[in-house]
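Dear colleague,

Please find below the structure that I am handing over to you. A summary of the findings comes after it.

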Amino acid sequence: MKKREFFRRIGLGLVCLSLLLLNGCGSSLPKGEAKTQSQWQTFEEAKSAYDSIVLFETTTEDLRALGFDPYSAPNVKILSYLDVIQVFSPNDSVKPEDLPPSVHSCIKSRELCLAYEATPSVSSSKRVGNVVLDLLKFKRERIRTGWNFNALVVIDHDIVVYKIWSGMPIIDELETRKNPLGPIQDSVGTSIQSGM
């Protein structure tokens with residue numbers, strides 16, 4: 001009788017453990033964060049600094065105070081006039097007269113023309129869903145949140161002559177990967193990405 005009761009309790013314990021795992025333990029799934037170091041902590045701070053740049057007035061000294069200086073702020077790239085040409089004329093179909101006049105004039109200045117490119121961003125990701133399905137690769141879900149900002153500032157003779165920005169104030173994505181055959185299927189599986 002004692003052996004039978006012992007095995008019954010072990011069986012019951014395994015059933016309870018299986019049910020617990022099948023319900024999912026999201027906290028035991030991997031998490032990650034990536035941040036491009038900059039003096040701006042939010043999208044709004046970066047956009048506000050960008051909005052403070054006044055064409056044909058802001059100097060390279062002013063850019064330093066605003067956080068757009070590669071010598072004092074991290075992760076700000078310097079582009080030569082050849083890089084500026086590549087940005088604005090990526091192929092032969094873009095003619096010089098198609099460029100903004102201030103950029104066209106800047107390129108003519110050659111070495112006195114350059115640009116600063118800032119790309120601050122914050123990105124967090126965490127896997128969610130069922131732990132067992134995730135570990136066995138049947139179904140993996142990942143939520144990615146954050147923001148990114150890209151600014152290009154063209155400088156001619158130490159004066160800003162052109163600026164342009166792009167970015168995503170709010171990143172909120174859910175990525176789902178399904179492998180019907182689990183661990184015996186290629187790990188790529190199917191992927192569906194959508195905003196939440």
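The notes below cover the nonpolar cores, the salt bridges and a surface patch.

Please bear in mind that this is a predicted model.

The largest nonpolar core holds 20 residues, and those touching the most other members are Ile 53, Leu 63, Phe 68, Phe 149 and Val 153. Two or more residues of this core come from each of α2 (43-51), α3 (60-66), β3 (113-118) and β5. With five residues, β5 gives the most. Leaving aside residues up to four places away in sequence, Leu 63 has contacts that include Ile 53, Phe 68, Asp 69 and Tyr 116. There is also a second, separate core of 14 residues, among them Phe 88, Leu 99, Ile 107 and Val 161.

The count of salt bridges is six. Asp 69 pairs with Arg 64, their closest N and O atoms lying 3.2 Å apart. Asp 69 is buried, at 2% relative accessibility, whereas Arg 64 is partly exposed, at 36%. Glu 61 joins these two residues in a network of salt bridges.

A further salt bridge links Glu 173 and Arg 144 (3.3 Å, N to O). Because Glu 173 belongs to strand β6 (residues 159-178) and Arg 144 to strand β5, this pair ties together parts 29 residues apart in sequence. Within helix α2, Lys 47 and Asp 51 are four residues apart, about one turn of the helix, and their side chains form a salt bridge (2.8 Å, N to O).

Finally, Leu 133, Leu 136 and Phe 138 make a nonpolar surface patch of about 220 Å². Phe 138 sits in the loop between α6 (131-135) and β5 (139-156) and is partly exposed, with a relative accessible area of 31%.

Yours sincerely

Notes. Residues are numbered from 1 along each chain as its sequence is written. This is a predicted model: local features need pLDDT of at least 70, side-chain atom pairs count only at pLDDT 80 or more; totals for chains, interfaces and linings use all residues. Side-chain values use heavy atoms; hydrogens and water are left out. Patches are made of residues with over 30% relative accessible area and no salt bridge: like charges are joined within 9 Å, nonpolar side chains (Val, Leu, Ile, Met, Phe, Trp, Tyr) within 5 Å. Accessible areas come from the Shrake-Rupley method with a 1.4 Å probe; for residues, only the protein chains shown count as cover. A salt bridge is a side-chain nitrogen of Lys or Arg within 4 Å of a carboxyl oxygen of Asp or Glu. Buried means under 20% relative accessible area, exposed over 50%, partly exposed in between (1.4 Å probe, protein chains only). A nonpolar core is a set of buried Ala, Val, Leu, Ile, Met, Phe, Trp, Tyr and Cys residues joined through side-chain atoms within 4.5 Å. Contact means heavy atoms within 4.5 Å.
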